[in-house]
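Work through the exercises below with the structure in view. Try each task before you read its solution.

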Amino acid sequence: MKERLYFRDAWIRVFDARVEAVKKEGGETWLRLSQSAFYPEGGGQPGDRGLLYLGENSYPVTDTQSDEDGQVWHRVQAPEGAARLVPGVQVRGELDWARRHDHMQQHTGEHILAWCVWSLHGGYVHGLHIGQVESSIDVSLPGGQTRLSGEQLEGIETLANRVIARDDTIVCRFPDAGEISKLPLRKMPGEHDQTRVVLMGDYEGVACGGTHLGRTGQAGVIKILRDQSARGKLRLFFLCGLRAARHYQACWRALDEASSILSAPHLQVPRAAAAALERINSLSYDLAAFRKGTALARLPGLLERAEELSGGTFLVAESLPEAEAQALDALASALAQEPGVTALLCAPQGDKALFTFARAEGPGRDLAALMRAAGIRGGGKPAFARGTAGDTSPLETAIKLAHEAAGEAPGERHTGGT
Ligand SMILES: [Zn+2]
């Protein structure tokens, strides 16, 4: 096949052709046609999809690729019974137009952005990637710069949308060698490139073999989403045309919902959200202080129930209510200040339980080891350890182990506290 119909007219959606060759690769069927409007993957743009009609039957075209000789191959989902798809038969091709039109908008938008980046910052665009959701370009900036400020990105976006609003003509053609040298091309064709050029208005020209819109206005709108550094270049993520419009719809819906939740005008949502978060943080701080105070108020009662172990040491073991989980460390530390006291505390929190074991610094029982021996995940220092378990039941094991270490059975001796 010599003729790629989109070179002549990128808006051709339906065409007639003759099957020239059929090949099978890895169980898949690929067809070469006498002419085709299907764009083969290249330049960051995915291969076209669509349908091939043969008589009353239609077969999905799921990909289009070109080989090293520049021949275009269409991957066709042809069941075994589709034996009539043989060289010589006439078929009709129809593009998945919504998809191709979207690719044309992203691709043309890339040309517009490339010119804006070049004219505002001297940046040179190397590559385009049209993704299913977002598109991106890589830009070499003067002096090896790899980022632009938010203001600079907005400047590029504004200029790009002005170019769209001007609705300049976009022309694609194959000039001869003599004319090429006279054209004001920003990007000259490479040695192996087809000498096809795309000219935008009277200010932009580059060599390109892709599919383009007929006027800049058909790109609709361009939105730069974000930038990032990528291998010494600036990578810009953007959306064009209907994709950008859909994105605006989704963003507005989300903003509208947030505005309603926060009872704030749309443009005041960030300020209202920040104020709400600040209030939540302040209340959380107050609540934690209150819970700590409540927990510490339990200290005398816990000391009264302390169990005396051998050698003048005491054990305070308690499972606290869930509300006091945040104050666990504070209460354990306060208990550990009392002479000879070892605190084994726990509190349920959600679908797990928190544990804090503490005693005064210095020689004595290794509480991190005790915690692990009781089946609690965690650790720490010999005098202070923290951990978690599925529930509070390991506390009983820890009490038993503490008694065994002291050479007694749990509950053998009780005292009235320290
Ligand atoms: Zn192009």
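**Exercise 1. Describe how helices H5 and H6 pack, and say which residues meet.**

Solution. This is a predicted model.

Step 1: Take the geometry. H5 covers residues 241-262 and H6 covers residues 269-296. Their axes lie 10 Å apart, at an angle of about 45 degrees.

Step 2: Classify the angle. Roughly parallel needs an angle under 35 degrees, and roughly perpendicular starts at 65.

Step 3: H5 crosses H6 in a left-handed way.

Step 4: List the partners. H5 supplies Leu-255, Ala-258, Ser-259 and Leu-262. These meet Val-269, Ala-272, Ala-273 and Ala-276 of H6.

Step 5: Sort them by class. The contact of H5 with H6 has seven nonpolar residues, one polar and no charged.

**Exercise 2. Is H2 roughly parallel or roughly perpendicular to H5?**

Solution. 

Step 1: The axes of H2 and H5 are 7 Å apart, at an angle of about 95 degrees.

Step 2: The range from 65 to 115 degrees counts as roughly perpendicular. H2 is therefore roughly perpendicular to H5.

Step 3: Asp-102, His-103, Gln-105 and Gln-106 of H2 touch Gly-241, Leu-242 and Arg-243 of H5.

Step 4: The contact of H2 with H5 counts one nonpolar, four polar and two charged residues.

**Exercise 3. Which atoms coordinate the zinc ion, and what arrangement do they make?**

Solution. 

Step 1: Name the donors. His-107, His-111 and His-212 each give NE2, and Cys-208 gives SG. They sit at 2.0 to 2.2 Å.

Step 2: Check the angles. The four donor atoms subtend 100 to 122 degrees at the zinc ion. Tetrahedral requires all angles between 85 and 135 degrees. The arrangement is therefore tetrahedral.

Step 3: Compare with the ideal. Four tetrahedral donors ideally make angles of 109.5 degrees.

Step 4: Read the spacing. Along the sequence, the zinc donors follow H-x3-H-x96-C-x3-H.

Methods: Residues are numbered from 1 along each chain as its sequence is written. This is a predicted model: local features need pLDDT of at least 70, side-chain atom pairs count only at pLDDT 80 or more; totals for chains, interfaces and linings use all residues. Side-chain values use heavy atoms; hydrogens and water are left out. Axes are lines fitted to C-alpha atoms, for helices over the stretch in contact, and angles run from 0 to 180 degrees between N-to-C directions. Helices (H or I, at least four residues) and strands (E, at least two) are DSSP runs, numbered from the N terminus. A crossing is left-handed if the near helix is turned anticlockwise from the far one by less than a right angle, and right-handed if clockwise. Contact means heavy atoms within 4.5 Å. Ala, Val, Leu, Ile, Met, Phe, Trp, Tyr, Cys and Pro count as nonpolar, Asp, Glu, Lys and Arg as charged, and the others, Gly among them, as polar. Donors are N, O and S atoms within 2.8 Å of the metal (3.2 Å for Na, K and Ca); water is not among the atoms, so sites may look incomplete. Four donors count as tetrahedral if all angles lie between 85 and 135 degrees; four count as square planar and six as octahedral if opposite donors are over 155 degrees apart and all others between 65 and 115; anything else is irregular. Angles under 35 degrees count as roughly parallel, over 145 as roughly antiparallel, 65 to 115 as roughly perpendicular and the rest as oblique.
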